[in-house]
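Thanks for coming, everyone. I have one structure for you today. Please take a look before I start.

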Amino acid sequence: MSVLASESTASQVYPGLIGFLVVAGMGLALYFLFRSMNKQLHKIAPGQPSSAPPGPARPPRPGLAAYRATQADRARAASDPGGDDQSDNSNP
């Protein structure tokens with residue numbers, strides 16, 4: 001009996017011309033893609049305003065600490081319906 005898989009042909013396989021053309025084509029496509037992207041990025045001026053629609057600007061959203069403080073104030077107000085406390089928000 002002869003075993004056909006015993007001979008190793010891995011060292012005899014080469015990518016050939018088709019493999020080279022695929023890699024060269026991908027390299028050429030990347031060259032033109034990066035060149036086009038570079039042109040588009042140079043069109044954007046560093047100080048150019050954003051593409052947001054004109055109108056009143058929203059204030060920035062508060063961070064987590066401000067959110068937790070607001071929630072604590074709401075919880076205190078809900079637990080004390082009389083409103084007898086002297087909070088920092090009241091005017092003297």
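Let's start with Met37. This residue sits in helix H1, which covers residues 16-43. Keep in mind that this is a predicted model. The cut-offs are under 20% for buried and over 50% for exposed.

Met37 also belongs to a nonpolar surface patch.

Now the aromatic rings. How many aromatic pairs are there? The count is one. The partners are Tyr31 and Phe32. Their ring centres are 5.2 Å apart, and their planes meet at 70°. An angle over 60 degrees counts as edge-to-face, so that is the label for Tyr31 and Phe32. Tyr31 has a relative accessible area of 49%, which makes it partly exposed. Phe32 comes to 44% and is partly exposed too.

Next, charges. How many salt bridges does a search of the whole structure find? One. It joins Asp73 to Arg76. Their closest N and O atoms are 2.9 Å apart. Where are these residues? Both lie in helix H2, residues 64-79. They are three residues apart, about one turn of the helix. Asp73 is partly exposed, at 35% relative accessibility. Arg76 is partly exposed as well, at 48%.

Let me step back to the whole chain. What does the secondary structure come to? Two helices and zero strands. The chain has 92 residues, and buried residues make up 0% of them. The accessible surface is about 9300 Å². Carbon and sulfur atoms account for 62% of that surface.

To recap, then. The chain has two helices and no strands. Helix H2 holds Asp73 and Arg76, the salt-bridge partners. Tyr31 and Phe32 form the edge-to-face pair. Over to you for questions.

Technical notes:
Residues are numbered from 1 along each chain as its sequence is written. This is a predicted model: local features need pLDDT of at least 70, side-chain atom pairs count only at pLDDT 80 or more; totals for chains, interfaces and linings use all residues. Side-chain values use heavy atoms; hydrogens and water are left out. Rings of Phe, Tyr and Trp (its six-membered ring) pair if their centres lie within 6.5 Å; planes under 30 degrees apart count as stacked, over 60 as edge-to-face and the rest as tilted. Buried means under 20% relative accessible area, exposed over 50%, partly exposed in between (1.4 Å probe, protein chains only). Patches are made of residues with over 30% relative accessible area and no salt bridge: like charges are joined within 9 Å, nonpolar side chains (Val, Leu, Ile, Met, Phe, Trp, Tyr) within 5 Å. Accessible areas come from the Shrake-Rupley method with a 1.4 Å probe; for residues, only the protein chains shown count as cover. A salt bridge is a side-chain nitrogen of Lys or Arg within 4 Å of a carboxyl oxygen of Asp or Glu. Helices (H or I, at least four residues) and strands (E, at least two) are DSSP runs, numbered from the N terminus.
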